[in-house]
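Welcome, and let's take a friendly walk through this structure together. Have a look at the fold first, and then read on.

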Amino acid sequence: MTVPTEEPRPAPEFPPITRDGWRELALGVLRKSGIETGSPEEALASTTYDGVTIAPIYDASDLPGDPGLPGTAPYLRGTRPEGGSWDVRQRHEVPDPEAVLADLENGVTSLWLTLEPEDLPRVLERVHLDLVSVALDAGKRTREAAETLFALAEGKGVTALTGTLGADALGDPETAVELARRCAERFPGLRAVTVDATPYHDAGGGDAEELGCSLAAGVAALRVLTGAGLTVPEAFGQLEFRYAATADQFLTIAKLRAARRLWARVAEVCGAPGAGQRQHAVTSSAMMTARDPWVNMLRTTLACFAAGTGGADAVTVQPFDARLGLPDAFARRIARNTHALLVEEAGVARVIDPAGGSWYVERLTEDLAGKAWEWFTEIERAGGMAAALTAGLVTGRIAATWERRSAAIARRREPITGVSEFPNLDERLPAREPRPAEAPGVHYAQDFEALRDLADAQERRPSVFLATIGPVAAHTARASFAANLFQAGGIATVSGGAATDPAEIAAAFAAAGTPVACLCSSDRLYGEHAEAVAAALRGAGARKIWLAGKGEFEGVDANLYAGCDALGVLRTTFDDLGVTR
């Protein structure tokens, strides 16, 4: 099957749609908005953190070429020619046999166990190892965990284990080689090595950086295994790759498709052209929030949809309360039901490669693959993954990306619902038991959440007075904007009501009991009243006066506006309120 290259023909009663026609209409809109440009594509395009351009419009000319068939190299369209559901893989961090059984009885098809080896017999006692795949994640105790799993399988008379043992070929090559040999000889459905790319994502890296690091780590693992005597096909068969899936569904879909294509190229160069990439996608830890955690249900649903649509072989949905501690039974149920809803009710798994043929997705896949390959080859030129890590090449590159993302988050150009946008100061967070160990990494919401924690810890919640000038219709939009911004840091807002009399507004400010005020109104009313109101507020003891919008007025210290440094505003406001940070 090939992707059609002809433009779709509209019905006779509709005029033909062309890129030139769109360009003319877009230029008209831009000019009305005061934007003079010769190219609407450039004016309306955006760029990812990896430097991939997202165009405002795509057509058939953007298709990069024939993507091939599902189940065949370069596996762009997936490794499963028969289609069907992905493997529903639930993670367990504490030894709770009842929770494991509850998952398996209600839709989970494989287990991801981050447990100590001595806990495995009790957890897996009633699990049918011939029916359920097991992914081990035991860190430095991988060898012990694998031996325990082998012993359990032998005791149950199971000879066909499936899953992955989670060995790290870079961190512990000796264990990786030993387990790979045993899997290749005795358990063809079991893989020994996990190439985990999520730490690069969790450190703040971009999608192409995550992909490039995974390729470099995968190639390093191949060198370890083949250097120890495994054949090239055997070495490829021992690797499983783990990627992060985010709420940016299109980038996640493109990332997983690009990962398979890139690994197929590595396989081709290594002389194993039929080797596809086994993928385990896990919903991003970095995107999860501790505040308004129920929104995480929506984030993980989008991420799971993207992972399934992108062709991941196994998908893990993190429970919505993951940032608060160990998930409870309700959170685990919602996580596994997310899969069930997408597969059974939405029918996402009924179609092979549902994103295939999309002009946008195909172009995005191609461009992302190109950026990832550039990064991969840079790592290889530096001597490979181990050398690049030692030299600081990888950490430096990812740190720079995180700095750019942090700046966008601070300015709310990358909004976080329930945290940097539309926070709920009255929320009551559910209590959870702490996790055995917190995984290292960043969280996109961490700086805003730190300020929320600080505000909540005060004896009296910090507050800012909103000097709402004029009738409701004149000040509502900017008052709502200002309130939303201050509340993102846990700072309450007190509205002065509809008024224009400076003395009346100053009296309401004095009653509010805060030294910080923000003027909120229309540009016209600012011109008539801003300076007089600012003077009255200053006379009533205002230490700092903000203005919602742009424009300079005597007595106003600074401005709030869309795209301003919201974190900087909040930190300054804490200082002005006398709250120690």
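Predicted model: local features only at pLDDT ≥ 70, side-chain atom pairs only at ≥ 80, totals over all residues.

A cis peptide bond joins A73 and P74, with omega at about 10 degrees.

Now go to I352, which sits in the loop between α12 (329-345) and α13 (359-381). I352 and G78 are 274 residues apart in sequence, yet their C-alpha atoms are 7.7 Å apart in space. Leaving aside residues up to four places away in sequence, I352 touches P70, R77, R80, P81, E82 and G83. I352 counts as partly exposed because its relative accessibility is 30%, between the limits of 20% and 50%.

Next come two residues with a positive phi. D292, in the loop between β9 (279-283) and α11, has a phi near 45 degrees although D292 is not a glycine. F422 is not a glycine either, and its phi is about 55 degrees; look for F422 in the loop between α15 (393-410) and α16 (446-456). D292 is buried at 17% relative accessible area, whereas F422 is exposed at 62%.

Finally, visit the second largest pocket, with a volume of about 670 Å³. Of its 27 lining residues, T246, D248, R405, E414 and Y444 are the closest to the centre. The helix α11 (295-309) gives the most to this lining, with four residues. The lining divides into 12 nonpolar, nine polar and six charged residues.

Methods. Residues numbered from 1 in each chain as written. Heavy atoms only, no water. 1 Å grid on protein atoms, 1.4 Å probe; cavity = no way out; pocket = protein on both sides within 12 Å on 5 of 7 lines; lining within 4 Å. Points joined across faces, edges and corners; volume = space filled by probe spheres on them. Nonpolar A, V, L, I, M, F, W, Y, C, P; charged D, E, K, R; others polar. Buried < 20%, exposed > 50% of the residue type's maximum accessible area, 1.4 Å probe, protein only. Contact = heavy atoms within 4.5 Å.
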